[in-house]
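Work through the exercises below with the sequence and the 3D structure open. Each task is followed by a stepwise solution.

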Amino acid sequence: MRSRAPSAKQLSAIPSCAGLMTRLCCTHAQNAGIDLPALLRRAGLTLSDIEDESVRLSVASQIKCLNLLAQALDDRLLGFHVALDMDLRRTGLLYYVAASSAVLGDALREIARCSTMFNEGIKLETDLGQVLRVGFEYAGI
């Protein structure tokens, strides 16, 4: 039996992301001596996927890759540790949206509004009442 190619509607249902955190963590792992190509294969990714920043990654692959990297590096806070040293301008539009806001509340509201362009698998929400609340939930995963 021959398998059918998925329809465009089915493909668009697979959430994707820009993959910045995956790429940053891969660089960190490579510098630590981790065999990156083997690990990426287990996550359904290739080295060329990571090297080409124009390639969007499936959110499921990103999650799997980040979990595998955290295990290999024995670092449960890998994303946090890598983010401490990253240049925020690498987030592109999200950085400029936040940096151009006059107050923190506006910056958070705009980041939440724009964030799905970079990661379709996470929905950010802000509540700017008397208490500031920022939350997220997974979408389509």
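**Exercise 1.** State which strand holds Ser 16, and whether Ser 16 is buried or exposed.

Step 1. Ser 16 lies in strand β1, residues 16–17. Strands (E, at least two residues) and helices (H or I, at least four) are DSSP runs, numbered from the N terminus. This is a predicted model, in which local features need pLDDT of at least 70, side-chain atom pairs count only at pLDDT 80 or more, and totals for chains, interfaces and linings use all residues. Residues are numbered from 1 along each chain as its sequence is written, and side-chain values use heavy atoms, without hydrogens and water.

Step 2. The relative accessible area of Ser 16 is 14%, so Ser 16 is buried (under 20%; exposed is over 50%, partly exposed in between; 1.4 Å probe, protein chains only).

**Exercise 2.** Find the residues in contact with Ser 16 beyond its neighbours within four places in sequence.

Step 1. Contact means heavy atoms within 4.5 Å. The residues found include Arg 56, Leu 57, Ser 58 and Val 59.

Step 2. Also in contact with Ser 16 are Phe 118, Asn 119, Glu 120 and Gly 121.

**Exercise 3.** List the buried residues of helix α8 and name elements that cover them.

Step 1. Helix α8 spans residues 104–114, and its buried residues are Gly 105, Ala 107, Leu 108, Ala 112 and Cys 114.

Step 2. The cover over these residues includes α7 (93–99), β3 (122–128) and β4 (132–138).
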